[in-house]
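Here is a short briefing to read with the model open beside you.

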Protein chains: 2
Amino acid sequence: MKLKPKFKLWLEVDGKPVIGEGRADLLMEIYETGSLSAAARNLRISYRHAHEMLSELNERCGMGIIATEVGGASGGGTRLTAKGRKLVESYQAMKNELENWLENRSS
Amino acid sequence: MKLKPKFKLWLEVDGKPVIGEGRADLLMEIYETGSLSAAARNLRISYRHAHEMLSELNERCGMGIIATEVGGASGGGTRLTAKGRKLVESYQAMKNELENWLENRSS
DNA sequence: CACCGTTATGCACGAGAATGCATAACGATA
DNA sequence: TATCGTTATGCATTCTCGTGCATAACGGTG
């Protein structure tokens, strides 16, 4: 019986989840595409859901993670702010450290 | 914005979860009460669900984690085997180590 | 002005998980 | 033999989460 440890990691503020695997992936995709709808398409999740994820994130972080634009030639877009990039990076860093710790752990 | 790291940890075999927080609590309660129905009552979960949790665990571990008895003066009971206790202990140990690591981590 | 792609929102629907309830089998004990 | 508390299982109901679809607002561009 080979047991393999698995984990999920996320960050909370006031007891509510702010960023985990799902939102981190979404924010990264937004950073790369500059569009929420494109990010949702790439991740194969519904736009409806992706938008809800951002909405909750903003509620819990007091805005400033993303910046949206509506209308225009391109139709609009969603940008990841510097603050948002730092949030993703700090999550990714912690997750990577945890993965390494778990791999090198003397069981 | 105060960010607090949280995590869930579990052990898998063949890509399927064997023990996590839920089953660990259930097994510990069985160890203390010697009864699945009592364990479910104490944990405020349905017997139906508790039984299903054990059923899946046995499927994935090839039996030997618990020993059940039906009928008799006491009605029967469910015991945690030595193998079962070791499983819970190894999970608890890993979880505690991870908690400590996360607390002492230089953010 | 009409078009287009994006953000944004409401609502019905489906899948999966857990609950609640009913029922059966079991076996020592009075 | 009748009782009792437990294990065990089936099935309808409920709840949550994500999907799918419809619709509106927006604002450059042709």
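This is a predicted model: local features need pLDDT of at least 70, side-chain atom pairs count only at pLDDT 80 or more; totals for chains, interfaces and linings use all residues.

Residues are numbered from 1 along each chain as its sequence is written, chains are lettered from A and ligands numbered from 1 in the order in which they are written, and side-chain values use heavy atoms, with hydrogens and water left out.

**The surface near DNA strand C**

- DNA strand C is surrounded by 23 residues, a residue being near when one of its heavy atoms lies within 4 Å of the strand.
- The closest are Leu36(A), Ser37(A) and Thr78(A), along with Ser46(B) and Gly71(B).
- At least two residues each come from α2 (36–43), α3 (47–61), β3 (66–70) and β4 (76–80) of chain A, and from α3 (47–61) of chain B; helices (H or I, at least four residues) and strands (E, at least two) are DSSP runs, numbered from the N terminus.
- By class, this surface has 6 nonpolar, 14 polar and 3 charged residues. Here Ala, Val, Leu, Ile, Met, Phe, Trp, Tyr, Cys and Pro count as nonpolar, Asp, Glu, Lys and Arg as charged, and the others, Gly among them, as polar.
- Sugar or phosphate accounts for 63% of the atoms of DNA strand C within 4 Å of the protein, and bases for the rest.

**Individual atom pairs with DNA strand C**

- On chain A, a polar side-chain atom of Thr68(A) lies 3.2 Å from a phosphate oxygen.
- On chain B, a backbone N or O atom of Gly72(B) is 3.0 Å from a base nitrogen, and one of Ala73(B) is 3.3 Å from a sugar or linking oxygen.

**Helices α1(A) and α4(A)**

- The axes of α1 (residues 21–33) and α4 (residues 82–104) of chain A come within 10 Å and cross at roughly 130°; axes are lines fitted to C-alpha atoms, for helices over the stretch in contact, and angles run from 0 to 180 degrees between N-to-C directions.
- The contact (heavy atoms within 4.5 Å) includes Leu27(A) and Tyr31(A) of α1(A) and Val88(A) and Tyr91(A) of α4(A).
- Its residues divide into 6 nonpolar, 1 polar and 3 charged.

**Helices α2(B) and α3(B)**

- The axes of α2 (residues 36–43) of chain B and α3(B) come within 9 Å and cross at roughly 120°.
- Leu36(B), Ser37(B) and Ala40(B) of α2(B) meet Tyr47(B), Ala50(B), His51(B) and Leu54(B) of α3(B).
- This contact has 5 nonpolar, 2 polar and no charged residues.

How values were computed:
A polar contact is a pair of N or O atoms within 3.5 Å; within protein, one must be able to donate a hydrogen and the other to accept it, and residues adjacent in sequence count only if both atoms are side-chain atoms.
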